[in-house]
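Dear colleague,

Please find below the sequence and structure that I am handing over to you. A short account of the findings follows.

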Amino acid sequence: MENLEYMKKYFLVLIGAIMVSALNAQVVEEGESALVYYSPKTAINLDFTYVVITQERGEYSEFAEAMLGVDNAVTEDQTTYTLRDVRIRTTTSTDYSRPHKVTAEGGIPMLLSINEKGLLKGYNIPNETTTIGKNQDKTSTKPRSSVNKKESVEIAPFPEEVLEAATPLAQANAIAKQIFHLRETKMYLLSGEVEHAPADGKAMQLVLEELDRQEQALTELFIGKQSERIEHKHITFDPTEKEQYLFFSEENGFTDAENIDADTIKVNMVLHKQTLTPADDTKKKKKGTEVTQIVYNLPGSGDVNVTFDGRELAKRTLPIAQLGVDVPLAKDLFTGNELPVIVISEKTGNIVSISK
């Protein structure tokens with residue numbers, strides 16, 4: 001038994017030593033002329049879109065049918081959530097477990113372009129110039145005026161009789177009379193049966209809009225209000241986890257597993273690792289093509305499927321960088337009078353284009 005434990009510890013130490021040696025092989029030594037870049041790492045990002053409908057009960061909803069003939073007034077405050085769809089995307093980070101060192105000893109000019117994340121962008125690519133367009137300037141300096149609008153409070157245009165009424169029934173009666181008075185005023189304006197009509201069409205429009213606003217505010221005291229807005233929820237996860245479970249209910253929106261009224265959103269991943277085909281024995285005997293220290297990533301892929309309440313919301317096949325393999329570039333690419341221009345995808349690490 002003790003020997004078994006000793007062997008386990010020995011293998012763990014051995015594996016650790018191998019991993020450390022592999023990492024140390026990529027460390028730049030003091031005074032060494034070298035560049036280091038990393039392979040990208042892919043995460044799955046789900047952008048869920050859902051609708052939030054908010055209903056607010058009117059203060060006098062119990063009198064809506066009797067006084068206004070409305071039988072569908074909101075009788076209680078309620079918020080409902082409806083899941084609409086989901087968009088499957090990817091986000092990219094740096095895979096620090098896969099560093100790549102390129103030294104001057106390789107005989108290839110070190111014309112690598114590396115971004116701020118340490119990811120390879122390409123070889124011998126033209127310098128990029130950053131310009132700020134007019135639209136960007138406007139966006140960055142545009143004042144936000146929506147805050148003041150949110151802070152304003154809409155006050156219903158109560159007639160004096162409402163303020164003097166002693167009971168809710170009397171108040172509702174006074175408000176209903178004011179609603180009918182506003183409707184009559186609009187009818188008289190439209191038919192021209194008023195002594196002091198607005199001077200022109202624009203003035204008439206403004207008066208009618210104000211009357212509509214007042215009528216709407218008073219009517220909402222009986223029938224209530226309903227508003228609708230679109231919300232988003234972003235979920236990011238490592239694709240190697242293969243399965244994710246989320247929970248969504250009509251009463252609470254995104255919630256947890258303890259909510260018995262919630263339905264399950266299942267995210268399923270089927271992963272496909274990239275592999276390299278072993279070389280034929282006949283090719284092994286021949287002199288192999290010389291390769292450089294510059295490697296690109298040949299990514300694997302993953303099938304993402306999102307289902308909710310038994311129905312499919314979305315599915316997509318995406319490249320997964322960390323499921324890929326490193327492939328070195330041949331030295332033959334760098335021969336001749338002109339060096340190649342090689343563009344590398346910062347998302348996958350794969351080659352986008354090679355040109356001279």
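The side chains of Asn-259 and Asn-252 make a polar contact at 3.0 Å (a polar contact is a pair of N or O atoms within 3.5 Å; within protein, one must be able to donate a hydrogen and the other to accept it, and residues adjacent in sequence count only if both atoms are side-chain atoms). This is a predicted model, in which local features need pLDDT of at least 70 and side-chain atom pairs count only at pLDDT 80 or more, while totals for chains, interfaces and linings use all residues. Residues are numbered from 1 along each chain as its sequence is written, and side-chain values use heavy atoms, with hydrogens and water left out.

Asn-259 is found in the loop between β7 and β8 (helices, H or I with at least four residues, and strands, E with at least two, are DSSP runs numbered from the N terminus). At 15% relative accessibility, Asn-259 counts as buried (buried means under 20% relative accessible area, exposed over 50%, and partly exposed in between, with a 1.4 Å probe and protein chains only). A polar atom of the Asn-259 side chain also lies 3.0 Å from the backbone nitrogen of Asp-261. Asp-261 has its place in the loop between β7 (253-255) and β8 (263-272).

Turning to the charged pairs, a search of the whole structure finds 9 salt bridges (a side-chain nitrogen of Lys or Arg within 4 Å of a carboxyl oxygen of Asp or Glu). One of them joins Asp-326 to Arg-98, with the closest N and O atoms 2.7 Å apart. This pair links distant parts of the chain, 228 residues apart: Asp-326 is in strand β10 (residues 311-330) and Arg-98 in strand β2 (residues 78-103). Asp-326 is partly exposed at 33% relative accessibility, whereas Arg-98 is buried at 13%.

A salt bridge also forms between the side chains of Lys-186 and Glu-215 (2.6 Å, N to O). Lys-186 lies in helix α6 (residues 168-191) and Glu-215 in helix α7 (residues 201-223), so the pair ties together parts that are 29 residues apart in sequence. Both Lys-186 and Glu-215 are buried. They belong to a network of salt bridges that links Arg-183, Lys-186, Asp-212 and Glu-215.

A further salt bridge connects Lys-331 and Glu-290, whose closest N and O atoms are 3.8 Å apart. Lys-331 is partly exposed at 29% relative accessibility, and Glu-290 is partly exposed at 48%.

With kind regards
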